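The sequence and the structure come first.

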Amino acid sequence: MIKNSISLPNQNSNDSNVLGVFEAVNSELFDSLKASHQTSRPFLVSSGGTTSRAAADKHWILDLRKNYQNISLDLEKNYVEIEAGVTMGELSSFLKKHKRSFPIGLSGKTGMGYILTGGISPLSRSRGLAIDQIIEIKGFWGDGKEFHFFRPNTKNESTLEWKALCGAAIFLGIITKLKLKTQPLRPLLSWTANLSSSQLSECINQAESWPKSLSFQWIYGDDIFAHAIGEVKNTYDESILINLLERLPFSRNRVINKFNDMNSLANLSLGNNNNNNNNNNNNNNNNNNNNNNSNHTEVLGLLGPAWQQRNPQVLKILKDLIKKRPNKSCYIASQQLGGLTHFNDVDTSFIHRDAIWKPWINGSWEAHDQLKRQKTLKWMKECWNNLEFICPGVHLAQIHPHLEWHEKELSSAFKDWLPKLQEIKAIRDPRNLMPPLK
């Protein structure tokens, strides 16, 4: 079925003049794509619709949100199977009924793309990335051929295709179903507060020596809002975490609460420090962190090691960049990750296993104002150039084939693995129906 309208959470994508929208993966889809000569890159996939490339002008769109909604749990093995239209909030709510959990990110609105691009969660330090939980993948390559992979135990040619799909699937094909490991549902401690720049520096310094059950997130705009999240395993563990949280400096509005699951946590958003129980959290994979629907945004995620003695230098750079931002909807934020580094390079295309921080740069401008758009993109590039010395990697939670930095972000995301990825794409997506890998 092809339709001509689409409603997506991301305003850039929602404002797009698309060629048409498919709602099922079948022979009609691939026949139509192969016959299309209207654009050289005709195809985008939307599972959650929260990225700026969930849709685009003169592109065909596959909207998986309506017809791919099934979730099922193997009660014996505690594996959950989800179809591609399931959001992370829906997955979390389903698992909560069975006292299980999955390391979703700061947003419940993101879709399967959150997992397939890595999936950085406040729980990643102890549980690993969302992508590490995948044990089975089903879908279609860009050439239309169906595939079904299980997590490999030994290295062979299919292992390379598994690795390619786990982190680069959006360039190679369409994932329709995943089977995932789940974990026991445990309570979460939440610390939120407003900080000064020097207090943020001290918080980062403390967080880099925390146990893996605790992580630190922050957002820097007019003000600095920070959020620490810890998973409580038992009463003794809870007392240790609270002790660590009590040591954190703050300027005002400090709140320590306990919640049942990720869906209940506070927004990490500009000017927000309220612990509202809601499922409308914003994320680096998501739209802009403001309520202005007339704005368009782009998000660039970086990856790097612990800042340690360079912490003051980085905070000074951040402060200077925030002063230069083109408008108050632009900001820089960061998540803490790391911990499960035993996954070797055979497992996934997320190669930055030594990363401790993921700063992301959010650029925003008034929709359809090209001058303001260019000014914002220039600021984003300046941020990247200034932070690259401490964060040399890139997390492709959003892709930018429409921007000049696409080739650089691919190189920074995949490093020496990129040429092999390009070889696999040449075989599995020979007509480049999926987004480009160069």
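The model is predicted. The phi angle of Lys-415 is near 50 degrees, which is a positive value in a residue other than glycine.

Asn-78 can be described in the same terms. Its phi is near 60 degrees, again positive in a residue that is not glycine. Asn-78 is placed in the loop between β5 (71–74) and β6 (79–83). With 22% relative accessibility, Asn-78 counts as partly exposed.

**Strand β8 and its partners**

Is strand β8 (residues 134–141) mostly covered or mostly open? Of the 8 residues in β8, 7 are buried, so the strand is mostly covered under the cut-off of 20% relative accessible area. Strand β8 pairs with strand β10 (residues 173–181) through 7 bridges, and the two run antiparallel. In this pairing, Phe-140 is found opposite Ile-174 of β10.

Strand β8 also pairs with strand β9 (residues 146–150), in the antiparallel sense and over 5 bridges. Here Ile-137 stands opposite Phe-149 of β9. β8 and β9 make up a hairpin with 4 residues between them. Gly-144, in the turn of this hairpin, has a positive phi of about 95 degrees. Phe-149 is also part of an aromatic cluster, together with Trp-141 and Phe-147.

**Nonpolar cores**

The largest nonpolar core has 123 residues. Within this core, Phe-216, Trp-218 and Phe-414 touch the most other members. Another core, of 9 residues, lies apart from it; Leu-8, Val-21, Leu-44 and Ala-55 are among its members.

**Aromatic pairs**

There are 10 aromatic pairs in the structure. A pair of aromatic rings is described by the distance of the centres and the angle of the planes. The table gives these values for two of the pairs.

| Pair | Centre to centre | Angle between planes | Class |
|---|---|---|---|
| Phe-22 and Trp-60 | 5.4 Å | 50 degrees | tilted |
| Trp-191 and Phe-216 | 6.4 Å | 45 degrees | tilted |

What does the pair of Phe-22 and Trp-60 tie together? Phe-22 belongs to strand β2 (residues 20–22) and Trp-60 to strand β4 (residues 60–63), so the pair ties together parts that are 38 residues apart in sequence. Phe-22 and Trp-60 are both buried.

The pair of Trp-191 and Phe-216 links distant parts of the chain, 25 residues apart. Trp-191 lies in strand β12 (residues 188–195), while Phe-216 lies in strand β13 (residues 214–220). Trp-191 and Phe-216 are both buried. Phe-216 has been named above, as one of the residues that touch the most other members of the largest nonpolar core.

**Lysines over tryptophan rings**

Two tryptophan rings remain to be described. Lys-163 has its charged end over the ring of Trp-417, at 4.0 Å from the ring centre. Lys-408 lies over the face of Trp-384, and here the distance from the ring centre is 4.2 Å.

Methods: Residues are numbered from 1 along each chain as its sequence is written. This is a predicted model: local features need pLDDT of at least 70, side-chain atom pairs count only at pLDDT 80 or more; totals for chains, interfaces and linings use all residues. Side-chain values use heavy atoms; hydrogens and water are left out. Buried means under 20% relative accessible area, exposed over 50%, partly exposed in between (1.4 Å probe, protein chains only). Two strands pair if DSSP finds at least two bridges between them. A nonpolar core is a set of buried Ala, Val, Leu, Ile, Met, Phe, Trp, Tyr and Cys residues joined through side-chain atoms within 4.5 Å. Rings of Phe, Tyr and Trp (its six-membered ring) pair if their centres lie within 6.5 Å; planes under 30 degrees apart count as stacked, over 60 as edge-to-face and the rest as tilted. A charge sits over a ring if NZ of Lys or CZ of Arg is within 6 Å of the ring centre and within 35 degrees of the ring normal.
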